[in-house]
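This report describes the fold of one protein chain and then turns to selected residues within it. Please keep the sequence and the structure in view while reading.

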Amino acid sequence: MDKVDTVKVPKALPRPAPAADVARVLAAICSRRPRKDVPLDRLRDRVLFETAYTCGTRAAEACGLYVEDLDLRMDDEHVRIHGKGGTVRTVLLDDRGYVALLRLYLARAGYTAGPLFRASINGSGGPLSYDAAHHRWEGYCSAAGVGMEIHQLRHAHVTELINSGVSIEAVRRRLGHASTETTQLYALLDDKVADAEIRAARRRRGRSAS
């Protein structure tokens, strides 16, 4: 057995969701400028899933957020994310539309402390569970006619950052990865996207030449 080489299982590449599909599902929940009669639980869901997308958090990390984790000082808004293994990272909230929606949600809910996303509509429950969030996400995806897992929101966020030229190290810190090796998978994915575009361009040139 000592002479048998170790079997290496290739790492699966992340599966980011197209931005257009993400927008369709979020819109199926409610608008970024929701009407006053939008139920609090739907507003909660919009903010919850947009948090996962805008901040690149894992769904469980978003569900576990507390109001105390937010720092909403004007023009320097941040959120403290509690990640795997007891790690804590601070993420910049750099999307003004998302911050405005978050402020609106807090005002509507009247929360000043405790879980940010609560299980009961009247706000007296504990944090919304991952299973409950997953069930609600599936319902919104079905309504939008889109097949997408919650975790693909995180993948979509990271891929957008890398495509925009953000360094691997900066992305690693935002995601809370222990090393850049995991984050590097997104760069590999970007290469595959680039390869597909190049092949498509070559096929178009080939058809024009013929």
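## Overall architecture

Helices and strands are DSSP runs, numbered from the N terminus, with at least four residues in a helix and at least two in a strand. The model examined here is predicted. Its protein chain holds eight helices and three strands. Followed along the sequence, these elements give the pattern α-α-α-β-β-β-α-α-α-α-α. The chain has 210 residues, of which 42% count as buried.

## Asp 75 and the strands

Asp 75 is placed in the loop between strand E1 (70–71) and strand E2 (78–82). With a relative accessibility of 64%, Asp 75 counts as exposed, because the cut-off for that class is over 50%. The backbone of this residue also deserves attention. Most residues other than glycine have a negative phi. The phi of Asp 75, however, is near 65 degrees, a positive value in a residue that is not glycine.

Thr 90 is located in strand E3. Its relative accessible area is 54%, so Thr 90 is exposed. Ten residues separate Thr 90 from Arg 80 in sequence, and their C-alpha atoms are 4.5 Å apart in space.

## Salt bridges

How many salt bridges does a search of the whole structure find? The search finds 14. One of them joins the side chains of Asp 41 and Arg 136, with an N to O distance of 3.1 Å. Asp 41 belongs to helix H2 (residues 40–55) and Arg 136 to helix H5, so this pair ties together parts that are 95 residues apart in sequence. Asp 41 has a relative accessibility of 15% and therefore counts as buried, whereas Arg 136, at 25%, counts as partly exposed.

A salt bridge also forms between Arg 44 and Asp 45, whose closest N and O atoms are 3.0 Å apart. Arg 44 is buried, with a relative accessible area of 4%, and Asp 45 is buried with a value of 0%. In a further salt bridge, Arg 89 pairs with Glu 61, and the closest N and O atoms are 2.8 Å apart. This pair links distant parts of the chain, since Arg 89 lies in strand E3 (residues 88–92) and Glu 61 in helix H3 (residues 59–63), 28 residues apart. Both Arg 89 and Glu 61 are buried. Elsewhere, salt bridges with shared partners join Arg 32, Arg 46, Glu 50 and Asp 95 into one network.

## A buried arginine without a salt bridge

Arg 118 is found in the loop between helix H4 (96–109) and helix H5 (130–144). Which side chain of opposite charge is nearest to Arg 118, and how far away is it? The nearest is that of Glu 68, at 6.9 Å. A salt bridge requires a nitrogen and a carboxyl oxygen within 4 Å, and Arg 118, although buried, has no salt bridge. A polar atom of the Arg 118 side chain does lie 2.7 Å from the backbone oxygen of Pro 115.

Helix H4 contains Leu 106. At 13% relative accessibility, Leu 106 counts as buried. Leu 106 and Leu 116 are ten residues apart in sequence, with 8.3 Å between their C-alpha atoms.

## Helices H6 and H7

Two packed helices are described by the angle between their axes and the distance between the axes. The axes of helix H6 (residues 151–163) and helix H7 (residues 168–175) come within 10 Å and cross at roughly 155 degrees. That angle makes H6 roughly antiparallel to H7, because angles over 145 degrees fall into that class. The crossing of H6 and H7 is right-handed.

Thr 159 is placed in helix H6. Is Thr 159 buried or exposed? With a relative accessibility of 11%, Thr 159 counts as buried, because the limit for that class is under 20%. The side chain of Thr 159 reaches the backbone oxygen of His 155 at 2.9 Å. Thr 159 and Pro 18 are 141 residues apart along the chain, and 9.9 Å separates their C-alpha atoms.

Note on methods: Residues numbered from 1 in each chain as written. Predicted model: local features only at pLDDT ≥ 70, side-chain atom pairs only at ≥ 80, totals over all residues. Heavy atoms only, no water. Buried < 20%, exposed > 50% of the residue type's maximum accessible area, 1.4 Å probe, protein only. Lys, Arg positive; Asp, Glu negative; His and termini not counted. Polar contact = N/O pair within 3.5 Å; in protein donor to acceptor, adjacent residues only side chain to side chain. Axes fitted to C-alpha atoms, helices over the stretch in contact; angles between N-to-C directions. Parallel < 35°, antiparallel > 145°, perpendicular 65-115°, else oblique. Left-handed = near helix turned anticlockwise from the far one by under 90°.
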